[in-house]
Amino acid sequence: MQGPGDLSGCWQSELRPSSGKPIVLVAAAALVDPDGRVLIAQRPAGKSMAGLWEFPGGKVDPGESPETALIRELQEELAIETRNSCLAPIAFASHGYDDFHLLMPLFACRVWQGRPQGREGQQLAWVPPVRLADYPMPPADVPLIPLLRDLL
Ligand SMILES: Nc1nc2c([nH]c(=O)n2[C@H]2C[C@H](O)[C@@H](COP(=O)(O)OP(=O)(O)OP(=O)(O)O)O2)c(=O)[nH]1
């Protein structure tokens, strides 16, 4: 049993979260197919963190809700349509990158129209949650992997 002051069981060693950086709000989706697999997309060359696998989604524009931003991003990136009532909030990532602090709500989505296609040239993979750790992901996403194993 760990008591107050013992942080050895925490997944990150910093005593305090990063501060003084702009918070960037990104909405992301765990699209789940009927076999329980999750869709991840590989960030293309030329982007930050190129080659890493991420959940589809993107930045929330000023005045947009996370759900509206996510529906827009899924249409732009994957050519699929979904709606607010098909998005269930299940987890979030909070991670300090060098230049900004990422706050990323993650929504599970099991119902959409269309077949996901990498419209921006990104590779796609349908992955059982237990295999997500085989795919290198941005550091912000790493704590989400065991959560998805438990929640999906
Ligand atoms: N969509 C998505 N973005 C993620 C994930 N994990 C993670 O750290 N990010 C970061 C990468 C980007 O810095 C930011 C998402 O920005 P974006 O998708 O709107 O724009 P972008 O790829 O062009 O990003 P950037 O080149 O401007 O950094 O969130 C994830 O699982 N999904």
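The chain averages a pLDDT of 93, and 92% of the residues score at least 70; pLDDT is the predictor's confidence in each residue, from 0 to 100. The model scores ipTM 0.93 and pTM 0.91. Because the model is predicted, local features are described at pLDDT of at least 70 and side-chain atom pairs count only at pLDDT 80 or more, whereas totals for chains, interfaces and linings use all residues. Residues are numbered from 1 along each chain as its sequence is written.

Helices and strands are named here from DSSP runs (H or I, at least four residues, for helices; E, at least two, for strands) and are numbered from the N terminus. Two strands are said to pair if DSSP finds at least two bridges between them.

Strand β2 (residues 38-42) pairs with β7 in the antiparallel sense over 4 bridges. Within this pairing, A125 of β7 is the bridge partner of I40, and L124 of β7 is the bridge partner of A41. Towards β3, β2 is joined by 2 bridges, again running antiparallel, and here A41 stands opposite E54. β2 is mostly covered, with 4 of its 5 residues buried. A residue is buried if 20 or more other C-beta atoms lie within 10 Å of its own, exposed if 12 or fewer, and partly exposed in between, with C-beta atoms placed from the backbone.

The loop between β1 and β2 contains D33. This residue counts as exposed because D33 has 11 C-beta neighbours inside 10 Å. The C-alpha atoms of D33 and V111 are separated by 8.4 Å, although the two residues are 78 apart along the chain.

Further pairings involve β1, β5 and β6. β1 and β6 pair in the parallel sense over 7 bridges, with I23 opposite H101 in β6. β5 and β6, by contrast, pair in the antiparallel sense over 9 bridges. These two strands form a hairpin with 4 residues between them, and P89 stands opposite F107 in β6.

Helix α1 (residues 66-78) has 13 residues, which at 1.5 Å a residue should span 18 Å; its end C-alpha atoms are 17 Å apart, which agrees. The expected span is 1.5 Å times one less than the number of residues. The buried residues of α1 are P66, A69, L70, I71, L74, E77 and L78. An α-helix has 3.6 residues a turn, so residues three or four places apart point the same way. What covers the buried residues of α1 includes β1, β4, β5 (87-96) and β6, where contact requires C-beta atoms, placed from the backbone, within 7 Å. Just after α1, A79 takes a positive phi of about 60 degrees.

Finally, 15 residues surround the ligand, and the closest are E54, G58, K59, P138 and A140. A residue is near a molecule or strand if its C-beta atom, placed from the backbone, lies within 6 Å of it. Two or more residues of this shell are given by each of β1 (23-31), β4 (57-59) and β6 (101-109), and the largest share, 3 residues, comes from β4. By class, the shell has 8 nonpolar, 3 polar and 4 charged residues; Ala, Val, Leu, Ile, Met, Phe, Trp, Tyr, Cys and Pro count as nonpolar, Asp, Glu, Lys and Arg as charged, and the others, Gly among them, as polar.

Conventions. Contact = placed C-beta atoms within 7 Å.
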